[in-house]
Amino acid sequence: MLTLHGWMPDERSYAVRLAASFLAVPLAEVTDRRAEIYGPVLSDGDDVYCVGLVDIFEYFSRLPNVEWSFPDGEERTILKWALEGLGQFSTARRHALSAPVPVRGETEAVRDFFRALEDRLAACHLSGQPWLSGQMPGFIEIVVFPVAGLARDLGISMDLYPATRRFVHQLRQRPGFIVMPGIPSCH
Amino acid sequence: MIPVALSRDIAEGEVVPVRHDGQEMVLWRDAVGKLQAWEDRCPHRGVQLSLGFIRENRLACLYHGWQYDHEGRCRVIPAHPALNPPSTIKTHAYTVVETAGMIWVTMAASDERVPRAPAEGAWHGVRSLAIRASEDETRRALVLDQHYWRISADRLIAFHMPEPNVAMVHLAVRDETSLRREADWLLRMRDTLEEIAC
């Protein structure tokens, strides 16, 4: 049985849980506060340790009966961009949530990421491609979703990002979708 | 009337915040596709209804779960399931019209004359795009004097102001085959306008 060493409010740990749920990969969870800083770690109890999202997703893609392939070529570039955005978002969100007084959480880098994400999603939609990964969601969507779903934590209003809002709505409808603190199940 | 979104950007069961000129609204589309536009404030505790969710074809507030039907009347108070909520508990509704591929809202009180929504006919929404520019700069760039929309050849271009220095520009076209080309045009316009605004 695979074990995720993660932290419940951490976006990257959530991304691993979400991917595992969509892919029907059984996953035990161990609370490890270090994941908030260093990211999630996956172990199989013996000698396999994957540190960080890239390693974990690569490992998932090699598992039997997993349909998602690890992004290649142009998609790999998009995945790298999405991971960078998630990292910037995580840093800004940790800063905002741990501040002793309310602060403006949205940084310039986060705003640029949201704009770029909105442009990419709108372009996909207009070209008849429902997801950034193609006709089906994949690891890119898993990386992007926590950023879009937790935007409110940084005071980002989704009325400026209709394509991103549509993306959130569509991914939530997929079988296997799970939630985390900040992404409620009622919506 | 103020154009606030493209019709296709609000799916059935979706709850969406909209801001214009300091006012906050919630738009939501019920299970049969009917759209509502209300003040974004629960009459109970003032929480934004746009944080809410749809249950049994009613908009439910996220805070205490009070549910409002399509007329804006409170129908369910979960903490008091046996209570029939009084009719005075009601949201403030705005007039909303869907035409030309866009959603138009009037802020006027419901008994005032409602301006006619423009541009009837078959239009296809291209996209709504946030542009970092003031209202004056946006009006100059779009060649708009008084209204929030105009038709130029095969384009219906409209905007509203969610923030003082952010314009949300909505574009619809008559030719469905030109959506990608028109989206590129809109992106170029954003880049040019933001460069000028800087």
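Accessible areas are computed by the Shrake-Rupley method with a 1.4 Å probe, and for residues only the protein chains shown count as cover. On this basis chain A has an accessible surface of about 8,600 Å², 53% of which belongs to carbon and sulfur atoms.

The model is predicted: local features need pLDDT of at least 70, side-chain atom pairs count only at pLDDT 80 or more, and totals for chains, interfaces and linings use all residues. Residues are numbered from 1 along each chain as its sequence is written, chains are lettered from A and ligands numbered from 1 in the order in which they are written, and side-chain values use heavy atoms, with hydrogens and water left out.

Chain A contains seven helices and four strands, where helices (H or I, at least four residues) and strands (E, at least two) are DSSP runs numbered from the N terminus. Their order along the sequence is β-α-β-α-β-β-α-α-α-α-α. Buried residues, those under 20% relative accessible area (1.4 Å probe, protein chains only), account for 53% of the 187 residues in chain A.

| Interface item | Value |
|---|---|
| Residues from chain A | 19 residues |
| Residues from chain B | 33 residues |
| Area buried between chain A and chain B | about 2,200 Å² |
| Part of that area on carbon and sulfur atoms | 50% |

In chain A, the residues that lose the most area to chain B are R115(A), L126(A) and L160(A), together 28% of what that side buries.

Key. Buried < 20%, exposed > 50% of the residue type's maximum accessible area, 1.4 Å probe, protein only. Contact = heavy atoms within 4.5 Å. Buried area = accessible area lost by both parts, 1.4 Å probe.
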